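Work through the following exercises with the coordinates open, taking each solution one step at a time.

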Amino acid sequence: MTSTAPALGRATGRAQPRDRRKLADNLTGWGFAGPATLIILGFSLIPMVWALALSFTDSDLMSSGRNVGLDNYRALVADPVFHQALRNTGLLLFCYLPASLAAGLLVAVLLNRRVRGIGFYRTCFLVPYIASATSAGLLMGYIFDRDFGLLNGMLVKVGLPAQGLLSSPSQAMLVLTAIFFWTRFGFTVVIYLAALQEINKEILEAAAIDGAGRWAVFRHVIVPSVRHMTVFLAIWGVIDVLQFFDLVMTTTKGGPANATVTIVYYIWQLAFTYFTAGYGAAVAYTLFAGTLLLVVTGLLVARRRGAMR
Amino acid sequence: MRISTVTAAVAATVLLAAGCGGGAKEQAGGPVEIVMWHGQEDASAKSVEKLVTRFNETHPDIRVKTTSGGVTADGMLPKITAALTSDAHPDIAYLYGSWAPNIARNPKTADLTEFVKDPGIRWDDFWASEREAVTVEGKVIGFPAVVDNMVVLYNAKLLAEAGLEPPGPDWTWDDFRAMARKTTDAKAGVFGATWAISGSEEAVWGLWPMLWQAGGDILTPDRKKAAFHGDAGLRALGLLRDMAITDKSLYLDSSPAEKGQKLFESGRLAFFMSGPWVLPDLQAAGLDYGVVPLPGTGGNHETISGPDNWVVFEHDERRVRASATFLAWLTAAEQQLQWMTDTGSLPIRASISELPGYQDYLKKYPGIDVISANLANAKRVRPPTTKYPRVSSFVADAIAKTLLGKADARAALTEAAAKTDAALAVPGS
């Protein structure tokens, strides 16, 4: 402050036009950035702070609620449904992520060729990603129905026993994982396809001249070349899985017997079905912390291995 | 040039901020404007909008603006919660009766207790269960909107094919089980009946009348402990388990999309437990259906009803008064008969049946007379406690586990009762 004061004093003399211009530049800058800043503040940061405050109360969003300190977080530790939601979401992550990355890259390699009708094949893989979760959920509800579903109909026709599918507490989450995979797969493929097209043809040719077979090219040229996209897709996948909600809402509503309750679905139930918004906010913040931890760990590992620049 | 760009950008920012923060101003003179979120779709939305137009034409001092609220009735709760938090709430909203105890906790919920004492409103003309559903701890928070109750619909053709007579009004749960077993044909993909196992209220509300008929209850009278795991509950869930596992006559519906109704419409279910709102759809599907009250226990055919409310929220005194005046008009017998004829809803007042147009309404919806008469069998409502949604989810889990054969009725209900007792023991809310 003391150092700028004399400068300002001098500015009233000769330097005035330059400072005014600087001010005008600043204002112009804020004029452009202001609306966006306000929107981010209004729709992201303020709600986040508000939700954090909410997580220390027993608010039901109807009345103001009392301050309960860390009680919501303590309750969470002993909540069996929360544990179930963690297990369900964890199972989804464990089954979905590796499979999605491996299959995505393989299919992208297959689609990265000059074949007649390639545009059509590429479109086929992207369509499920574009379809709305509601329609996908309702459609899959009919395919994976225990008694009237298409899948069980086919199983019985070829002489296999009918499965419990969405009506079975032990199978429902796996079925949901398959549906999730189907709706997200197009995105993984498109990103990998873009990365594959970035690979310099000369490198591939050089590898071929050096005598590398198809597998060796894939293993030693293609996989390392797209690893930055693999990191991106892995992080994106983690976030996507941890936020999983829409298909649960449209296929099972968390049933049967909580077999498909995911963390975000549980948050929704707590806030809008059970009127325990404060507790819901505590679960949401725990999820936020968990996601942050996973993503940051992932990024650090990737950086150490040199997969990121 | 540069200065004008800056000015424009700053002005835009300021305008944006002002636009976001613009609150509701108190109206000074002229007609009182009130806003209603009706949450209706299709024919019901058209009917309520028609009535509102008629009200605005005949009442120059009040102007009702109505929209669906941007959601259906199912989605109204999150929407109204957000609106109340940001002071953007309507004067009137359509809300399920089971939400009333929670809604009433908001200080912006209006108190119409004095208003409904006006003899012109004929408050006693509404059914008792409706008045109970819109009154929370002695405070009237709105007006009854819609009432319904649970009946059994049957597919006449499927029953005839199985060589069965349609059930009479004095049938029992054992009759229900036997008839469901006889109509089930696994090869043809036909089930006797269906039960929801999706973990939400649909799974639970059919169990309560079975429980009540046998002398049981959901909670103890002081609402501090579970009571559903007594003998009545065990027998009710045991019967359903026998149907699902021994007879395989229950289709277990794990979808939230009301698949049961579609299956019934397409002739794959012999019986369907539901309410009056499905009648227009069944007619549209051209189904040959019949309607009977629920099966009974020892001659008791008690059913369950879910009254929905028009809840009033406060802005200022004038608007609350105008809202109450409008609702008194909307829920009066003549307007209600119009609404019932348009939508197939049930009468919310006893006096409606005395109107000359009532017979035409009965003719328009075959079977509605049975459902309307069944209102007399709706004696109790679900416990008016803020914890009910939680209790319901515990019991829904117990039902799913039992019907899927993962637990027996006693173990499942005992576990649900323990969770319920724990939830009810938490003070507050």
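**Exercise 1.** Determine how the axes of helix α11 (residues 227-242) and helix α14 (residues 277-304) of chain A are placed, and at what angle they cross.

*Solution.* Residues are numbered from 1 along each chain as its sequence is written, while chains are lettered from A and ligands numbered from 1 in the order in which they are written. The two axes, lines fitted to C-alpha atoms over the stretch in contact, with angles from 0 to 180 degrees between N-to-C directions, come within 10 Å and cross at roughly 170°. α11(A) is therefore roughly antiparallel to α14(A), a term for angles over 145 degrees.

**Exercise 2.** Find which residues of α11(A) and α14(A) meet, and classify them.

*Solution.* With contact meaning C-beta atoms, placed from the backbone, within 7 Å, the α11(A) side includes Val231(A), Ile235(A) and Leu242(A), and the α14(A) side includes Leu287(A), Thr291(A) and Gly298(A). The residues of this contact divide into 10 nonpolar, 2 polar and no charged, where Gly counts as polar.

**Exercise 3.** State what confidence chain A carries.

*Solution.* The mean pLDDT of chain A is 87, and 94% of its residues reach 70 or more. Over residues 1-13 of chain A, however, the pLDDT is below 50, and beyond near neighbours in sequence this stretch has 3 contacts in the model. Where pLDDT is low, the predicted coordinates should not be read in detail.

Conventions
Predicted model: local features only at pLDDT ≥ 70, side-chain atom pairs only at ≥ 80, totals over all residues. pLDDT = per-residue confidence, 0-100. Contact = placed C-beta atoms within 7 Å. Helix = DSSP H or I, 4+ residues; strand = E, 2+ residues; numbered from the N terminus. Parallel < 35°, antiparallel > 145°, perpendicular 65-115°, else oblique.
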